[in-house]
Amino acid sequence: MVESPHESALVDPAPVDPARTGTGRLGGGDIGRCLTRLHHDRFTEAQLIEDAVRERTIARGIAHEHAIVAMLKAAYGATRDLSSVPFHELTAATEAAMHDDVDLILGGRLEGPDGALVGMPDLLVRDHAGYLAVDVKGHKVVGSSGVEASYAPLDDLLASATEAIRFRSMRRRDLLQVAHYRALLLEIGLASPRPIGGIIGTDDPLGCAWVDLEAGSRSIMEDHADFVARAEETIAWGRAHARPLVEPWLKKECDTCPWRLVCLSALEQADDPTLLRSVTGETRTMLRESGITTVSDVADLDLESGLVEGSVILQARAHTANTLLRRHGGTGGLPLPHTPIEVDLDIETFGDTTYLAGLLITDSAGTRYEPIADWTNTPGGERDLLEQLFSRFAKWTRPEVVVYHWTGFEIDRLAAGADRHGLGVPEWGSVRDWFEANAVDLCDWTREHLVSPRGHGLKVIAPLCGFHWRDDDPGGLQSEMWFEELLDGNDDMRHRLLEYNEDDVIAQLRVREFLRASDSGPGPGSALASVADWPLDRSSIS
């Protein structure tokens, strides 16, 4: 949403060299992107965040695109691959190929008559008297919900009888991009009469999802035209101002944005309400109209104020206090399961394969880390790992043992592995049945009993309980890169992976130890301040 220029405490970034400020063109990669980022990409001089995970994702996407292109070239005779054409000749070469009625054009470039809109669709497919645009994406696009689509095989992209599917709603930006290419085809008079666009993802089986870009009460083509208008306004503003027209607000897209630290610094300095989950730019505008301009202001709202959901106010209180708070009132302890033997479980995966199961066992003899690992990345190696793990599971049952894990990831991946190899937990059969009877999802438990300043991921909760990972860049996606390095021969990664996995299970234990240490008498957690008691007595915050 484009908001009016603002006078908040956001920091002005340094302006970029004026030589760069003439770049007003909008390409396919710009479409659907955060408008604040659109400004920074063009007009801000800053040190972008180096993100190995993002670069790996991009590289994998490019590799997937190359593989799809190779398949299509093998399947179609009438193709023209323009990937080696010099850039300054590419637009003309693309239009020449379309005028030659080439069935499939790879790596082309489109440009509108006035040069304001440009784009490089991965594929242009000849359909009747014009062309359809297709983009290749390094992620899945078929889902259980979303807009209606049809699914055609790669060797017959324009098949008349295709499978009906749903295109994932979370991938709408993909559709905005192919709508951008269709808009360009319309501008130059070479568009197919059919208003559809295609996306080839990583779904199994591979295929092309075709979506009607003009369907619905609010079509994708209309959304594209609206975005272009807002983007052009943003760029025009940026030519004269260092500060973006559109204020930043924290959202999922920020996680992979190279300008994340620029925006996050500004938001934290302003104590901006969008630092809270569920507070969008629109909600922020509504709050400002009521005089609520900071997270602290939100924390001070009455839970029945009606301005925002009560859960947002509770999070604002935990954020302002920068600590975990008890979700419910009262002075009793939190019902934290405790057995003679506690096991903390965390698995590491690569693709669909589980290669490491970390077990932290705490009993009368102390605490010890016992990993079960397979470094071969083979089906046989995974089967051996799962057989060992499930054998351990069979010996760990309540009330003598409780197994802790974080989220349902372990359940889903281990159940899928069991199905692949025809395995189960001895005397239990179903992996899910064993988990339901003998395990506790510590993430679900924290959601039910605690309010966190910044969500309930283990990397958020454990530091609030005093624990810190030894690795300076911990994370599941990072660990996949380390495993790739191990497979490529870097044996140092084995120690790094084991250490990271060990820290994950220790982190779970530290959360429970923190709660048990926060006991004023009635039980674990009873010494934590309650989110209902606001403003807090600062002495009640440990």
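**A sheet, a helix and some cysteines**

Author: Four bridges join strand S8 (residues 146-153) to strand S11 (residues 207-212), and the two run antiparallel. Strands are DSSP runs of E, at least two residues, while helices are runs of H or I, at least four residues, numbered from the N terminus. This is a predicted model, in which local features need pLDDT of at least 70 and side-chain atom pairs count only at pLDDT 80 or more, while totals for chains, interfaces and linings use all residues. Residues are numbered from 1 along each chain as its sequence is written, and side-chain values use heavy atoms, with hydrogens and water left out.

Reader: Which residue of S11 is the bridge partner of Ser 150?
Author: Strands of a sheet pair through backbone hydrogen bonds, either parallel or antiparallel. S8 and S11 run antiparallel. In S11, Ser 150 has as its bridge partner Trp 210.

Reader: Which strands are the edge strands?
Author: Two strands count as paired if DSSP finds at least two bridges between them. The open sheet has nine strands with mixed pairing, in the order S1-S2-S5-S6-S10-S11-S8-S9-S7. Pairing on one side only marks the edge strands, S1 (79-81) and S7 (142-143).

Reader: At about what angle to S6 does helix H4 run?
Author: Helix H4 (residues 172-187) lies across several strands, including S5 (123-127), S6 (130-136) and S8. Axes are lines fitted to C-alpha atoms, for helices over the stretch in contact (heavy atoms within 4.5 Å). Angles run from 0 to 180 degrees between N-to-C directions. For H4 against S6 the angle is about 150 degrees.

Reader: Is Val 142 buried or partly exposed?
Author: Val 142 is found in strand S7 and touches Tyr 151, Ile 165, Arg 166, Arg 168 and Asp 203, not counting residues up to four places away in sequence. Buried means under 20% relative accessible area, exposed over 50%, and partly exposed in between (1.4 Å probe, protein chains only). Because its relative accessibility is 23%, Val 142 counts as partly exposed.

Reader: How far is the sulfur of Cys 443 from the closest cysteine sulfur?
Author: Cys 443 is buried, with a relative accessible area of 3%. A disulfide is a pair of cysteine sulfur atoms within 2.5 Å, and a search of the whole structure finds zero. The closest sulfur to that of Cys 443 is in Cys 465, too far for a bond, at 13 Å.
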